[in-house]
Amino acid sequence: MAWSHLIFDTLLCFLLSRFFLVIYRSFRRSERPMRRDTETCSLAIFLGSGGHTAEASILLSALDFSRYSPRTYIVSEGDELSSQKAVALEHLESAKITPFDDAAEGRLNYRLMRIPRARYVHQPLLSAPFTTFKCFLACVRLVTVVPLFQKTAPGKPFVDLLIMNGPGTCVPLCAAIMLNRLVGLPTPRMVFVETFARVQTISLSGRILCRIVDRGRSRLR
Amino acid sequence: MLVFVTVGSTRFDALVQTAISEQVLDALHKKGYRRIAIQRGNSDLGMDGGDNGQDLMVFETNGMEVETWKFKTSILSDIQRATLVVSHAGSGTILDALRQGKPMIVVPNPTLLDDHQGELSSRLDALGYLKATTVNNLAVTISAFDPSSLIPFPPFDGSRFRRLIDQEMGYSVSSS
C-alpha cells in the first residue's frame with residue numbers, strides 16, 4: 001500500500017513542478033534558439049473556415065516558402081473550401097520558386113491534416129464544451145501521439161512553428177500543446193495573429209490565447 | 001453592367017432575398033445594371049417552390065437577368081467581372097473585393113458571434129473604403145451610391161509579418 005502512495009506522490013510532485021515551470025516560462029517568453037539562414041523551419045497554420053482561411057493564406061504568402069518548409073495545413077473536418085484554398089496556395093507559391101524546374105515537380109512540401117471543429121457556426125455556446133472536448137482529443141492525437149511515432153525525427157515537436165488567427169478551434173489545439181509542455185515534451189512556438197475582422201473587441205479565442213502563446217499580434221493596441 | 005452579390009461560406013437569407021426584391025432590382029436598373037450574379041451559399045432564396053436542391057439557377061425578373069449558385073472554389077473571377085460588389089461583411093470577401101479595386105457595399109450579418117461583422121463594416125465605412133448598410137436600407141444605399149467617393153484600399157505589405165516570424169524563429173533579421 002505504501003508503494004502506491006509513494007508513486008502517486010512522486011507523480012504529483014513531478015506534475016506540479018512542471019506546471020509551475022511552464023507558467024513561469026510563459027511569463028518570461030524569451031529563449032529563442034538561433035537559426036542559420038540556410039536552416040529550414042517546419043510550420044503549421046490553422047485554416048478556420050471562411051475569412052480566417054483567406055487571411056491565413058494572405059499571411060502565409062508573405063513568408064519565404066523555401067525557408068518555412070514543410071508546411072502543415074490544419075483544417076476542420078468537412079471544410080473542403082479551406083483544403084482547396086491550401087492546395088491552390090501551394091501551387092501558386094511553387095510556381096514562384098521553381099517556375100521552370102521540372103525536377104521540382106512532384107516534390108510535395110506540404111500536408112493537410114483534418115480535425116473536428118470546436119464550435120460550428122451558429123452553434124449555441126452552451127453545447128460548445130462537448131464539441132470542444134472531442135476536438136481536443138483529436139488535437140492531442142495530432143500534437144502528441146503522432147510525433148512520438150514519427151520515424152524521421154522522433155522527439156521533435158510535430159512542427160517548429162504554429163500560426164493561428166482566431167477561429168475557436170485554435171483553443172483546443174493550444175491546450176493540447178500546453179499539455180505537451182506540462183509533461184516536458186517538445187512543442188512548437190505559437191504565434192497568434194488576431195483576425196482582421198476584430199476591430200473593437202478582441203475575439204474570444206484571442207482573450208484566451210494571448211496569455212499562452214509565445215507571440216501575439218493584434219491591431220487593437 | 002454586372003453586380004455581384006455574395007454571402008461567403010455561411011448563410012444569409014435576408015441579404016439574398018432582398019437582393020432579388022423589387023426595390024433593389026429597380027434601384028440597380030435605374031443605375032444602369034442589367035445583370036446580377038448571386039453567390040448564395042446555404043441561404044434560402046425564399047422563392048415559391050424553393051430551389052429544389054438545385055445549385056445553379058438562371059432567370060429574368062424586373063428587367064434584370066439573375067444568375068445564382070451556392071458555392072464555388074474561388075469567386076475571384078466573379079469579383080473581377082463585376083462593376084459593383086454587394087457582400088456580407090466577411091473579412092475575406094472584403095479583402096478580396098477591395099484588393100481588386102471594386103466598389104463595394106457591405107451588409108453585416110448580425111447573427112454571427114458578437115456581431116463582429118458590424119464592427120468591421122462601420123470602421124471601413126468610416127475610413128472611406130466602402131459603404132456599409134443594412135438589409136432594409138440596401139435599395140436606398142444603391143440609389144445614392146457614388147463609387148468615385150471611395151478611397152482606394154492600400155495593397156498588402158507582408159514584410160512586417162515576415163520580419164516578425166523570422167525574428168521569432170531565431171533567424172537574423174536586418175534592422176531597417
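Is the crossing of α4(A) and α5(A) left-handed or right-handed? Hi everyone, let's start there, and please keep in mind that this is a predicted model. The crossing of these two helices is right-handed.

Here is the geometry behind that. Two packed helices are described by the angle between their axes and the distance between the axes. In chain A, helix α4 covers residues 128-148 and helix α5 covers residues 170-182; their axes come within 8 Å and cross at roughly 50°.

Who makes the contact? From α4(A), the residues include A:Phe136, A:Val140 and A:Val143, and from α5(A) they include A:Leu173, A:Ile177 and A:Leu179. By class, this contact has twelve nonpolar and three polar residues, and no charged ones. Among the residues taking part are also A:Thr132 and A:Thr144 on α4(A), and A:Asn180 on α5(A).

Staying in chain A for a moment, have a look at the loop between α2 (51-61) and β2 (71-76), where A:Pro70 lies. A cis peptide bond joins A:Ser69 to A:Pro70, with omega at about -5°. For background, most peptide bonds are trans.

Now over to chain B. This chain has seven helices and seven strands, and its order from the N terminus is β-α-α-β-β-β-α-β-α-β-α-β-α-α. Its C-alpha atoms fill a box of roughly 65 × 35 × 30 Å along the principal axes. Of its 176 residues, 50% count as buried. If you take contacts between residues at least 6 apart in sequence, 64% join residues at least 24 apart.

Let's zoom in on helix α2 of chain B, residues 22-30. Which of its residues are buried? They are B:Val24, B:Leu25, B:Ala27 and B:Leu28. These four cover an arc of only 160° around the axis, so they sit on the same side of α2(B). On the other side, B:Glu22, B:Gln23 and B:Lys30 are exposed. Just after the helix, B:Gly32 takes a positive phi of about 100°.

B:Asn62 has a phi near 50°, which is positive although the residue is not a glycine. Most residues other than glycine have a negative phi. B:Asn62 is in the loop between β3 (57-61) and β4 (64-69) of chain B, and with a relative accessible area of 32% it is partly exposed. Thanks, everyone!

Methods. Residues are numbered from 1 along each chain as its sequence is written. Chains are lettered from A and ligands numbered from 1 in the order in which they are written. This is a predicted model: local features need pLDDT of at least 70, side-chain atom pairs count only at pLDDT 80 or more; totals for chains, interfaces and linings use all residues. Side-chain values use heavy atoms; hydrogens and water are left out. Buried means under 20% relative accessible area, exposed over 50%, partly exposed in between (1.4 Å probe, protein chains only). The arc is that of the directions from the helix axis to the C-beta atoms. Axes are lines fitted to C-alpha atoms, for helices over the stretch in contact, and angles run from 0 to 180 degrees between N-to-C directions. A crossing is left-handed if the near helix is turned anticlockwise from the far one by less than a right angle, and right-handed if clockwise. Contact means heavy atoms within 4.5 Å. Ala, Val, Leu, Ile, Met, Phe, Trp, Tyr, Cys and Pro count as nonpolar, Asp, Glu, Lys and Arg as charged, and the others, Gly among them, as polar.
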